[in-house]
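Dear colleague,

Please find below the structure that I am handing over to you. My notes on what was found in it follow directly after.

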Amino acid sequence: MTELGQRLRQERESKGLSLEDLQKLTKIQKRYLLGIEEGNYEVMPGKFYVRAFIKQYCEAIGLDTDAIFEEYKSDIPSTQTEDMPQQLSRVRSRKEIPQHTKGVSKAYDYLPTVLVVAGVVVVGIIIWVIAQNIVSDKNKEQANQEAPNSEVQQSNTQEETNETTAKNDNSKSEDEQSAADKKEQEKEKAEKEKAAKEKAEKEKAEKEKAEKEKKDSGKQEYKEVQKTGRSATYALSGTDAFNLEVTSTQADTWLDVKNGKGNAFFSSILKKGETKEFDLTKETEARVNIGYSPGVELKVNGKAVDLPFDSSKQVRQVVTIQYQPAEAQ
């Protein structure tokens with residue numbers, strides 16, 4: 001194992017990430033990630049992919065790619081143009097065609113005769129099947145006409161007996177069914193009342209939240225302070241609340257949220273379609289480290305805010321938000 005591979009594995013394990021988690025984040029096959037950690041670059045498709053995969057590995061676990069490439073440049077192969085194997089023609093000359101195929105062409109001369117014989121055989125089989133079906137239908141019709149009337153009478157008697165039994169069973173179960181229906185109606189009524197109560201409470205809570213957000217949004221100010229590298233700092237003011245929402249809509253991403261003292265609120269994988277909410281009202285600063293920014297959405301006090309950089313150009317982004325409550329201003 002190289003020093004670089006050992007460094008990357010230690011950093012990955014400190015984040016609580018397995019190779020399977022890293023494979024989901026980077027879309028790089030697990031065997032290539034293992035090859036990077038073990039320094040076994042022979043498993044890679046080419047030297048260009050070695051550097052590209054190492055860069056994606058570093059970005060996914062939150063390491064500075066430029067610093068890693070400079071520190072471990074002796075462990076990372078330089079990019080070289082690799083020759084592509086020449087394509088070999090798949091067209092063979094007529095001289096290369098095996099001589100035994102000549103016998104096949106002679107067999108085609110007898111094909112019309114074989115097809116005619118097969119057609120005659122198939123027609124004969126169809127005629128025989130039709131004749132057998134006609135004879136079978138006549139035999140069934142004759143058997144039905146000769147059936148004794150006693151079977152019809154016996155069938156009628158059995159039907160009458162079944163109807164009488166069914167009537168008796170119905171009369172016995174009417175009372176039971178009525179009680180069951182009443183119980184079911186009471187249950188449905190209780191469920192409807194419960195659902196209506198829950199809906200009213202939910203609508204009330206949403207209305208109060210919307211009014212609060214509307215009130216805060218009129219005063220809230222979120223402005224950029226500075227940008228450098230992949231990091232940016234913003235100032236949040238004019239509000240007495242600091243609620244942060246982070247949502248990943250496209251893929252899994254590494255998310256690390258800390259306060260100004262370095263205490264972590266969340267440090268793990270944010271799954272695709274998952275949203276994490278943080279109440280940071282008591283904090284004066286929050287640092288949000290996003291490992292894979294495409295598709296990540298930020299909301300401050302319910303209001304969407306843009307990421308500082310173009311996610312197609314800057315995959316990993318760090319956003320620091322400095323908060324000053326309105327009452328302290």
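In which strand is Lys 227 found? Lys 227 belongs to strand β1, residues 221-228; strands (E, at least two residues) and helices (H or I, at least four) are DSSP runs, numbered from the N terminus.

Before going further, please note that this is a predicted model, in which local features need pLDDT of at least 70 and side-chain atom pairs count only at pLDDT 80 or more, while totals for chains, interfaces and linings use all residues. Residues are numbered from 1 along each chain as its sequence is written, and side-chain values use heavy atoms, with hydrogens and water left out.

**Lys 227**

Lys 227 is partly exposed, with a relative accessible area of 40%. Buried means under 20% relative accessible area, exposed over 50%, and partly exposed in between, with a 1.4 Å probe and protein chains only. Leaving aside neighbours within four places in sequence, Lys 227 is in contact (heavy atoms within 4.5 Å) with Ala 232, Tyr 234, Pro 308 and Phe 309. Its side chain reaches the backbone oxygen of Pro 308 at 2.7 Å. Lys 227 and Val 319 are 92 residues apart in sequence, yet their C-alpha atoms are 9.5 Å apart in space.

**The sheet**

Strand β1 is part of an open sheet of 6 strands with mixed pairing, in the order β1-β2-β10-β7-β4-β5. Its edge strands, β1 and β5 (264-270), each pair on one side only; two strands pair if DSSP finds at least two bridges between them. Strands β7 (residues 285-290) and β10 (residues 317-323) run antiparallel and are joined by 6 bridges. Ala 286 stands opposite Ile 321 in β10.

**Gln 317**

Gln 317 also has its place in strand β10. Is Gln 317 buried or exposed? Gln 317 is buried, with a relative accessible area of 0%. Leaving aside neighbours within four places in sequence, its contacts include Arg 230, Val 288, Ser 293 and Pro 308. The side chains of Gln 317 and Ser 293 are joined by a polar contact of 3.4 Å, that is, a pair of N or O atoms within 3.5 Å; within protein, one must be able to donate a hydrogen and the other to accept it, and residues adjacent in sequence count only if both atoms are side-chain atoms.

Tyr 32, Leu 33, Ile 36 and Glu 37 of α3 make the contact with Phe 53, Ile 54 and Tyr 57 of α4.

Yours sincerely
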